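Hi everyone, thanks for coming.

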Amino acid sequence: MARSCPGGTGMYCPKCDAIKTCTAISAGKENKVQTRYYTENPDINFFRRKRECQECSYVFDTGEISLSFLQELTELRSEIDKRHRELDDQKLLNEAAADALESQSAILFKERRKLKALVSGIQDIIEAQEK
Ligand SMILES: [Zn+2]
């Protein structure tokens, strides 16, 4: 059974999408609340805490990390967004190039047919002169 801690901290509630008073709660030993976790990257660790919004009662987990790590994550996220924008721009350029190529291909196809007709006409003239 969850147990609320007295007081609370003004922090971001994902459900309210606003800063609200949230209390730390304990969910029991089986959930290892407030345990330091390590992922497959040993330099990534955080202090987990279960919180309950006092406004909407939404329960969510938070992870306390160093500000330098948060800064790194922010920079990486910005870089990913930048790369996505570059890919979108490149996609538009590729589509424009494909359209232009298709258009030029159609023109060349028509020119080729005209050229074939000309060559055929010339061959007919030559053959007629040889007879
Ligand atoms: Zn809330």
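Let me start with a question: how many residues lie between β5 and β6 in their hairpin, and which residue in the turn has a positive phi? There are five residues between the two strands, and the one in the turn with the positive phi is S57, at about 70 degrees. I'll come back to that turn in a moment.

First, the ground rules. This is a predicted model, where local features need pLDDT of at least 70 and side-chain atom pairs count only at pLDDT 80 or more, while totals for chains, interfaces and linings use all residues. Residue numbers start from 1 along each chain as its sequence is written.

Now the overall layout. We have six strands and one helix, where helices are DSSP runs of H or I with at least four residues, strands are runs of E with at least two, and both are numbered from the N terminus. Reading from the N terminus, the order is β-β-β-β-β-β-α. Of the 131 residues, 4% are buried. By buried I mean 20 or more other C-beta atoms within 10 Å of a residue's own; exposed is 12 or fewer, partly exposed is in between, and the C-beta atoms are placed from the backbone. Among contacts with a separation of 6 or more, 40% join residues 24 or more positions apart; a contact here is two C-beta atoms, placed from the backbone, within 7 Å.

How confident is the predictor? On pLDDT, its confidence in each residue from 0 to 100, the mean is 88, and 85% of residues reach 70 or more.

On to the strands. Two strands count as paired if DSSP finds at least two bridges between them. Strand β2, residues 9-13, runs antiparallel to β3, residues 18-26, with five bridges joining them. D17 counts as exposed because it has 8 C-beta neighbours inside 10 Å.

Strand β3 also pairs with β5, residues 45-53, antiparallel and over four bridges. There you can find A24 opposite R51. In turn, β5 pairs antiparallel with β6, residues 59-64, over six bridges, and E52 stands opposite V59.

That brings us back to S57, in the loop between β5 and β6. Why does S57 count as exposed? It has 9 C-beta neighbours inside 10 Å, so it falls in that class. S57 is another residue with a positive phi that is not a glycine. As background, most residues other than glycine have a negative phi. As for β6, none of its six residues is buried, so the strand lies largely in the open.

G8 is in the loop between β1, residues 3-4, and β2. Leaving out residues up to four places away in sequence, G8 touches T21, C22, T23 and Q54. G8 is partly exposed, with 16 other C-beta atoms within 10 Å. Its C-alpha is 9.2 Å from that of K20, twelve residues away in sequence. T9, in strand β2, is partly exposed too, with 14 other C-beta atoms within 10 Å. T9 and T21 are also twelve residues apart in sequence, and their C-alpha atoms are 5.2 Å apart.

Finally, the helix. Does α1 lie buried or in the open? Of its 64 residues, zero are buried, so α1 lies largely in the open. The helix covers residues 67-130, and at 1.5 Å a residue it should span 94 Å; that expected span is 1.5 Å times one less than the number of residues. In the model, the end C-alpha atoms are 92 Å apart, which agrees.

Definitions and conventions:
pLDDT is the predictor's confidence in each residue, from 0 to 100.
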